[in-house]
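Hi,

Here is the structure I said I would pass on. Have a look at it first, and then read my notes below.

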Amino acid sequence: MFSAPLIWFLVGVAFLIAELLMPGLILIFFCLGSFVASLVLLVADVSVQVQIAVFLASSLVLLFALRKVFMRTFGGRFKDGTDKEISDRAVGRQALVTGAI
């Protein structure tokens, strides 16, 4: 009925839709991993175990390699223009107020 590459592609589309509904920049890497598995199946006919291994390996490699880059690019900024990483360093510290609040 459906070919295996098409199924992996549709799984990737489902992950993409889920990422759009629930943004967190995690599911996009599983989307890309399923696209990689689909491309591998277009090139070579491999078993289901190899398909799953390619999906998991590519998803995890992309996740650990690109998540920080994606967060910097697509994560956004705070309203006042500061980075979340910079503002997190100030949590729990004391500051001297020099002007009226």
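This is a predicted model: local features need pLDDT of at least 70, side-chain atom pairs count only at pLDDT 80 or more; totals for chains, interfaces and linings use all residues.

**Around helix H1**

Which residues of H1 are buried? They are Pro-5, Trp-8, Gly-12 and Glu-19. Looking down the axis of H1, you will find these buried residues within an arc of 65°, so they line one face of the helix. Leu-20 and Leu-21 sit on the other side of H1 and are exposed.

The length of H1 checks out too: its 18 residues should span 26 Å at 1.5 Å a residue, and the C-alpha atoms at its ends are 26 Å apart, so the two agree.

Next, the surface. A nonpolar patch is formed there by Met-1, Phe-2, Leu-6, Ile-7, Phe-9, Leu-10 and Val-11. Together they have about 730 Å² of accessible area. One of them, Leu-10, belongs to H1, which covers residues 4–21.

Over in H2, I looked at Val-40. Its relative accessible area is 28%, so Val-40 is partly exposed as well. Val-40 and Phe-55 are 15 residues apart in sequence, and from C-alpha to C-alpha they are 9.6 Å apart in space.

Cheers

Definitions and conventions:
Residues are numbered from 1 along each chain as its sequence is written. Side-chain values use heavy atoms; hydrogens and water are left out. Patches are made of residues with over 30% relative accessible area and no salt bridge: like charges are joined within 9 Å, nonpolar side chains (Val, Leu, Ile, Met, Phe, Trp, Tyr) within 5 Å. Accessible areas come from the Shrake-Rupley method with a 1.4 Å probe; for residues, only the protein chains shown count as cover. A salt bridge is a side-chain nitrogen of Lys or Arg within 4 Å of a carboxyl oxygen of Asp or Glu. Helices (H or I, at least four residues) and strands (E, at least two) are DSSP runs, numbered from the N terminus. The expected span of a helix is 1.5 Å times one less than its number of residues. Buried means under 20% relative accessible area, exposed over 50%, partly exposed in between (1.4 Å probe, protein chains only). The arc is that of the directions from the helix axis to the C-beta atoms.
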